[in-house]
Amino acid sequence: MKLICGPMATISHPAFRILIEKFGGCDEYFTEMINAGTLLTKGPFEKFYIDPAPVPEKIVWQLTGKNNEQMIEASKILVELPCIGIDLNMGCSAPDIYRFGSGIAWMLKPIEETQAMVRGIRQVISDYNKEHNQNKRFSVKLRLGDDDFTDQGFFDFCNMLCDSGVELLTLHPRTKKEKLTRPARYEYCEKLADLMHKRNVKVYLNGNVKDKASYDYALSKAPRVDGVMISRASIEKPWIFAQLKGLEDHVDLKQIAFDFIDDVEKYQPPEFWKTRLQRFFTYYSNNFKFSHYAQTQFLNAKDNADLKNRLEDFFAKCSDEQFVNFNKL
């Protein structure tokens, strides 16, 4: 069973991948969404979004955008970079994303428009593979659709993707408006895997996997999927993939924090430091008994030096919280 680190805004960058790799890594890393329009206009920060460090051979570039032509042209840039392949984001349901015409909006547009975009990108990847004797993959991450979706409509959409050359589907089995508090409908991952395997298309499951128990439960409901994608839980516990592999070790939460800060400074521009660190420490703080206190302390740091001082102070006061054994988590 493949283990995949999901795409997360402000998180899925080299510093975070380096952290996960220290615990043995995972099979694939999906990047945070790369905006087609901004990539084409060569925005000042785009080079940071397309840095494949430290494991280029495990990278999947996730592309987003609202315009067919831009999406196709942007794929010509991404396919030239080291990677497993390109993934189209058709699952993000954040209001500012789908109202812009991106993310899950692609599942709700006229089918001809979406199909034309998918076929265009398929042609780009196929041409590259033929010219360079490569086998870069083409995938889509999606949801069930809008709240009024039907089974036939959803599976017809997935069949259209396959007819257009998509080789792998990652399903977050919720609708556009359903929040994380609603149980994921893993039965749709199983139904999709059953359908897609007949067409030689793989399926990954995404949603609500946060530990060994939830991992086992998800696979009990969808045993035929080819991989499990984990997102938010990997921020809180960067060692989660090692746990699921049955590795025995301990974690030094203090060292994790300091190493991550150093790598963010190394691989991200100063303009990004605050948002990247605040997002990480929001989840990281859940490891502590007094998580709200820890979170308040870390997120209110005025700069990175202050954050390091606050971490030193926290572990001086809570020295018993520094080391944790995998098997007790």
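Predicted model: local features only at pLDDT ≥ 70, side-chain atom pairs only at ≥ 80, totals over all residues.
Several elements take part in the lining: the strands β3 (34-35), β4 (59-64) and β9 (227-230) each supply at least two residues, and so do the helices α3, α5 (95-98), α11 (232-236) and α14 (270-284). Helix α5 gives the largest share, with four residues. In terms of residue class, the lining of the largest pocket holds 18 nonpolar, 14 polar and 15 charged residues.

The second largest pocket contains about 190 Å³ of space. Its lining is made up of Lys-2, Asn-135, Arg-137, Glu-167, Leu-168, His-197, Asn-200, Val-201, Lys-202 and Asp-226. Five of these residues are charged, three are polar and two are nonpolar.

A search of the whole structure gives one cavity of 30 Å³ or more, and the space inside the largest cavity comes to about 30 Å³. Around the largest cavity lie Ser-12, His-13, Pro-14, Arg-17, Thr-31, Glu-32, Phe-48, Tyr-49, Asp-51 and Trp-61. Two helices, α1 (14-21) and α3 (46-49), each provide at least two residues of this lining. The classes here are four nonpolar, three polar and three charged.

Two packed helices are described by the angle between their axes and the distance between the axes. For helix α7 (residues 111-132) and helix α8 (residues 151-163), the axes come within 9 Å and cross at roughly 30 degrees. An angle under 35 degrees counts as roughly parallel, so α7 is roughly parallel to α8. Their crossing is right-handed. On the α7 side the contact involves Ile-111, Thr-114, Gln-115 and Val-118, which meet Phe-157, Met-160 and Leu-161 of α8. This contact has five nonpolar residues, two polar ones and no charged ones.

Trp-273, Leu-277, Phe-281 and Tyr-284 in α14 are in contact with Asn-304, Leu-307, Leu-311 and Phe-315 in α16. By class, seven residues of this contact are nonpolar, one is polar and none is charged.

Helix α16 has another partner in helix α13 (residues 253-267), where the packing angle is about 175 degrees and the axes are 11 Å apart. Angles over 145 degrees count as roughly antiparallel, which makes α13 roughly antiparallel to α16. From α13, the residues Leu-253, Lys-254, Ala-257, Phe-258, Ile-261, Asp-262 and Glu-265 meet Asn-304, Leu-307, Lys-308, Leu-311, Glu-312 and Phe-315 of α16. Charged residues do take part here: the contact of α13 with α16 divides into seven nonpolar, one polar and five charged. Asn-304, Leu-307, Leu-311 and Phe-315 of α16 meet residues of α14 and also residues of α13.

Definitions and conventions: Residues numbered from 1 in each chain as written. Heavy atoms only, no water. 1 Å grid on protein atoms, 1.4 Å probe; cavity = no way out; pocket = protein on both sides within 12 Å on 5 of 7 lines; lining within 4 Å. Points joined across faces, edges and corners; volume = space filled by probe spheres on them. Nonpolar A, V, L, I, M, F, W, Y, C, P; charged D, E, K, R; others polar. Axes fitted to C-alpha atoms, helices over the stretch in contact; angles between N-to-C directions. Parallel < 35°, antiparallel > 145°, perpendicular 65-115°, else oblique. Left-handed = near helix turned anticlockwise from the far one by under 90°. Contact = heavy atoms within 4.5 Å.
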